[in-house]
Amino acid sequence: MQRFREGIHIRTMKAKRKVEEISKEDVQAFLKKNSFVLFTVGAVVVGITLGFALRPYKMTYREVKYFSFPGELLMRMLQMLVLPLLVSSLITGMAALDSKASGKMGMRALIYYTTTTFIAVFIGIIIVLIIHPGKGSKEEFGKQQKIEQVSPADAFLDLIRNMFPPNLVGACTQQFKTKYGTRVVHVMVTVNDTIFNSTNATQEIIEITREEVIPIPGQVNGVNALGLVVFSMCFGLIIGSMKEQGQVLRDFFDSLNEAIMRLVAIIMWYAPVGILFLIAGKIVEMDDLTQMGGQLGMYTITVIIGLMIHALLILPTLYFVITRQNPFIFIAGLLQALITALGTSSSSATLPVTFKCLEENNKIDKRVTRFVLPVGATINMDGTALYEALAAIFIAQVNNMEMNFGQILTISITATAASIGAAGIPQAGLVTMVIVLTSVGLPTDDITLIIAVDWFLDRLRTTTNVLGDSIGAGIVEFLSRHELRSKDVEMGNSVLEEKERKKPYKLISQESDFENDKRKHSESNM
């Protein structure tokens, strides 16, 4: 006991001494270094306060839209950068690695994505079965709207079709989506009269017409991120294998990536203002929470608990077990990306900020971030998978339907697959929910029961998605450190050879001496 007291006393004295040693310059340096994060956190607090302060004034829909306009501008700015950033980062990331290194890195990333998504689905199912938020009657919900039906088979085929877009320019603005039409089918039926009249056996042909639903090709607006990711990965690998011939293209995409990141640094100064108005506008716009039923309230709490367990317990534990480093220091470096995800409700729109946080704050190798983050933002949706599995079982509970083990297993598999197909856009999870509900025969119109709170839960699951992608980048970098070091040595030799030929060879690795030389001339502190 005496030793314990002495230990506490020594630590207290050390902490006191450190506090006394803090100078005015130290405080200024801290504020300067963390100004972005502090402004962003402040914007969230002010946005929430302003939103609730304006609610009593009962603003019209038009007034709310005008009020939210600065936030809409931030969304448009970030979405403007997503397309060039996604393509340039993936191409340069793949070109900087040989096929063996990229194959290993890709396999590690894929195992991580699959594992965390299955864990998220498992947590969602366990939490909803324990808490049972759907207990009660369906009458407490309001009127239901009609939801467009989707065939799970067509949705899965659409996912594969979107991986190979026939027009790359079209893929920048549109995705393929199967739509449904009807056609009239004429069936000729022969009727034998002997059934009715035994004396005169005659045959009569009757024509029966019926309508059948058929799938027809269609398009929906939105970036086909999956198709661009597949193309960029293949294109980057080819450029990497072309050596000197591909150098011009490699330099072009490297410069494009650098230019986009500098644009991101400028937009970041506007981000706190945009986030403030996005959050305040949503709070002003939302329905009266006092009218929310008990079931919906319990459902919201259940989703929040599931997401918190996954984001604050499972992911940090996974990071610590693999890297043996403090996960919360790593997460602290991502604070601005997480708050941007909370404000924008889009993992794709948050991608530029996530790049900046990982590369500058957490010093993750650019070759890893450029490969892992764009792929992660497209296919790794832990929060969405957890939410879809949980929401499907909640809807079953509301309808007093008992789920057997087979149905729960079906929900877990389809929720995992559907989350991959969920584009990184706001409320895309609601669209893919139709697939999950159809797979176990639940009424798809019941999705409208949870729409009232989806805007809020969508923000939380997007934040979880961004955290999952970022921790994945940290884990993949740690596991790929030997390949990256050996590649650095090879690239170092290449630089010496190229210098002799007077052909500069540019690296994108962060920690090499050759890069430091280049950085003095070409990079500014962002």
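What percentage of the 526 residues in the protein chain is made up of buried residues? In this predicted model, the buried share is 46%.

**Figure 1. Overview of the protein chain.** The chain contains 22 helices and four strands. Of the contacts between residues at least 6 apart in sequence, 83% join residues at least 24 apart.

**Figure 2. Packing of helix H12 against helix H20.** Helix H12 spans residues 294-323 and helix H20 spans residues 451-479. The two helices pack at an angle of about 5°, and their axes lie 10 Å apart. Because angles under 35 degrees count as roughly parallel, H12 is described as roughly parallel to H20. The contact of H12 with H20 comprises 21 nonpolar residues, six polar residues and one charged residue.

Figure 3. Thr463 belongs to helix H20. The relative accessible area of Thr463 is 17%, and the residue is therefore classed as buried, the cut-off being under 20%. When neighbours within four places in sequence are set aside, Thr463 is in contact with Leu338, Ala341 and Leu342.

Figure 4. Helix H17, formed by residues 382-398, has 17 residues. From its first C-alpha to its last, H17 reaches 24 Å, close to the 24 Å expected at 1.5 Å a residue. Since 17 of the 17 residues of H17 are buried, this helix is largely enclosed by the rest of the structure. Asn400 follows H17 and lies in the loop between H17 and helix H18 (405-421). Asn400 is exposed, with a relative accessibility of 63%. Its phi is positive, near 55°, in a residue other than glycine. Most residues other than glycine have a negative phi.

**Figure 5. Ser345 in the loop between helices H14 and H15.** Ser345 is located between helix H14 (335-344) and helix H15 (347-361). Although Ser345 is not a glycine, its phi is positive, at about 60°. Ser345 has a relative accessible area of 3% and is buried.

Figure 6. Where a disulfide is taken as a pair of cysteine sulfur atoms within 2.5 Å, the count of disulfides is zero. Cys234 is partly exposed, at a relative accessible area of 45%, whereas Cys357 is buried, at 2% relative accessibility.

Key. Residues numbered from 1 in each chain as written. Predicted model: local features only at pLDDT ≥ 70, side-chain atom pairs only at ≥ 80, totals over all residues. Heavy atoms only, no water. Axes fitted to C-alpha atoms, helices over the stretch in contact; angles between N-to-C directions. Parallel < 35°, antiparallel > 145°, perpendicular 65-115°, else oblique. Nonpolar A, V, L, I, M, F, W, Y, C, P; charged D, E, K, R; others polar. Buried < 20%, exposed > 50% of the residue type's maximum accessible area, 1.4 Å probe, protein only. Expected span 1.5 Å × (residues − 1). Contact = heavy atoms within 4.5 Å.
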